[in-house]
Amino acid sequence: MHAWRKHKGNPSPIWEELPIPSTPVNGFLVKLLASGVCHSDQPLLDIEDRPQFSEKYTLSKVDFFSQGHEGCGEIIQIGEEVTDKRFKLGDRVALLAVPGCGLVTCSECSRDLAQLCPAGMHHGIGQDGFYAEYVAVNVRAAIPLPDGVEPAVAAVATDAVTTAYHGITRRAEVKKEETTFLFGLGGLGFNALQIVRAIGARVIVSDLRQEKLDAAQKLGVPAEDIVPVGKSVQDFVKENGLQGRLIPYLNLWGATRLTRMRNRLVTILAILRPGGKILCVGTLDLINGLDMKIGIRKRLSIIFTYGGQYRDLVEVLDLIAKGVIQPQVELGKLQDFPRVLKELGEGNIKDRIALVSDLV
């Protein structure tokens, strides 16, 4: 088979031919039907100092691994120790990049934090991932695909939707009677918008691109809940009587350059209601400053979140099957991954893109 692989010391992916992996006794051999491309794929090419990057590569591949952490595929072989009757040959499955080891002795898995497990597989995150034609996975990584959910959508759902869902429902615990403020309608933000609306909470949205705000309005966001491009968020909140009254949660998505990020944090602290929460779901800037006095005076909570869990993906796929969430996904070719990643970084991909192999 072919796969895009990371070689230690090289920030560029390499297209290589290698043997199809063996079927694990406790899992499946999966033919990949779609692999989602994420902004974090470039940092994963650049960073090499994480423990699992140097200690837990598959077999003897000490210096390289297949990339990709968003995947969906078809089961073509089943391990002899798999007893879960939900799965059979030919079934389509969405794939969790970090399913955890599942051991009761694991400090993370035993606390329902499988996505933080240091011992289990980390597909595409320092270990063999989904930018390939085939992948071997543990049974814990596979979620049956509901009828009507396309592989490209399912692949993107494993991260871009599940991460947003986990952050909103498990971490921030947004309720129907609350109001959120959503900064940015990118790959995660647009899905986050649909999740908040599905809960029934009010959501105020802001983005630098008019086409994103138009898309939000098409989803049903009232014009009075959309901050016009170029409008000061603080002025908008004040003019609409929202300050100190209606913003118990503020969801912070995505990333910007450092100066813009600092300005955004100033805005967040200014508009957030006392006792409110800031939900952080990824940033390209490793360090950001907060005004500690404002945070203390308002008794704010800053919540960090990472990835999602098996149950999150099950629920997300069900919502997609019912049409409650409709991820926006473009299609590309697996062989074009470097070009697609570059276009994504330059903002030339509308929302999210999934890659398919010529074998599909």
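Modeller: The answers below concern a predicted model.

Colleague: How many residues does the largest nonpolar core have, and which have the most contacts inside it?

Modeller: The largest nonpolar core has 45 residues. L193, V205 and L317 are those with the most contacts inside it.

Colleague: Which elements give two or more residues to this core?

Modeller: They are the helices α3 (151-171), α4 (189-199), α5 (210-218) and α9 (310-321), together with the strands β10 (202-206), β12 (277-281) and β15 (352-356). The most comes from α3, which gives 11 residues.

Colleague: What is V205 in contact with, leaving aside its neighbours within four places in sequence?

Modeller: V205 is in contact with L182, L185, L193, L213, A216, V221, D225, I226 and V227.

Colleague: Which residues does the second, separate core include?

Modeller: The second core includes A3, L32, I125 and A142, and it has 22 residues. In general, nonpolar side chains tend to be buried together in soluble globular proteins.

Colleague: Let us look at one helix. Which residues of α5 are buried, and which are exposed?

Modeller: K212, L213 and A216 are buried in α5. Seen down the helix axis, the buried residues of α5 fall within an arc of 100°, so they line one face of the helix. E211 and K218 are exposed on the other side of α5.

Colleague: What covers the buried residues of α5?

Modeller: The cover includes α4 and β10.

Colleague: Which residues other than glycine have a positive phi?

Modeller: D112 and E173 can be named here. Phi of D112 is near 60°, and that of E173 is about 55°. As background, most residues other than glycine have a negative phi.

Colleague: Where are D112 and E173 found?

Modeller: D112 is in the loop between β6 (92-95) and β7 (134-138), while E173 lies in the loop between α3 and β9 (179-183). D112 has a relative accessibility of 40%, so it counts as partly exposed. E173 is partly exposed as well, with a relative accessible area of 40%.

Colleague: On to charges. How many salt bridges does the structure hold?

Modeller: The structure holds 14 salt bridges. One of them joins E70 and R352, with the closest N and O atoms 3.0 Å apart.

Colleague: Where do E70 and R352 lie in the sequence?

Modeller: E70 lies in the loop between β4 (64-66) and β5 (71-78), and R352 lies in strand β15, so the pair ties together parts that are 282 residues apart in sequence.

Colleague: Are E70 and R352 buried or exposed?

Modeller: E70 is buried, with a relative accessible area of 0%. R352 is buried too, with a relative accessible area of 4%.

Colleague: What does E108 form a salt bridge with?

Modeller: E108 forms a salt bridge with R111, and the closest N and O atoms are 3.1 Å apart. E108 has a relative accessibility of 14%, and residues under 20% count as buried, so E108 is buried.

Colleague: Which helices hold R170 and E315?

Modeller: R170 lies in helix α3 and E315 in helix α9, so this pair ties together parts that are 145 residues apart in sequence. The closest N and O atoms of their salt bridge are 3.2 Å apart. R170 is partly exposed, at 25% relative accessible area, and E315 is partly exposed at 30%. R170 and E315 are also linked with D312 in a network of salt bridges.

Colleague: Back to the nonpolar side. Which residues make the nonpolar surface patch?

Modeller: L290, I302 and F304 make a nonpolar surface patch of about 280 Å². I302 is found in strand β13 (residues 301-304), and I302 is partly exposed, with a relative accessible area of 38%.

Colleague: Finally, where is S357, and what does it touch?

Modeller: S357 is in the segment after β15. Not counting residues up to four places away in sequence, S357 touches E133, K333, L334 and Q335. S357 is buried, with a relative accessible area of 5%.

Key: Residues numbered from 1 in each chain as written. Predicted model: local features only at pLDDT ≥ 70, side-chain atom pairs only at ≥ 80, totals over all residues. Heavy atoms only, no water. Core = buried A, V, L, I, M, F, W, Y, C linked by side-chain atoms within 4.5 Å. Buried < 20%, exposed > 50% of the residue type's maximum accessible area, 1.4 Å probe, protein only. Helix = DSSP H or I, 4+ residues; strand = E, 2+ residues; numbered from the N terminus. Contact = heavy atoms within 4.5 Å. Patch = residues over 30% accessible without salt bridge, like charges linked within 9 Å, V, L, I, M, F, W, Y side chains within 5 Å. Areas by Shrake-Rupley, 256 points an atom, 1.4 Å probe, with all protein chains shown as cover. Salt bridge = Lys/Arg side-chain N within 4 Å of Asp/Glu carboxyl O. Arc of directions from axis to C-beta.
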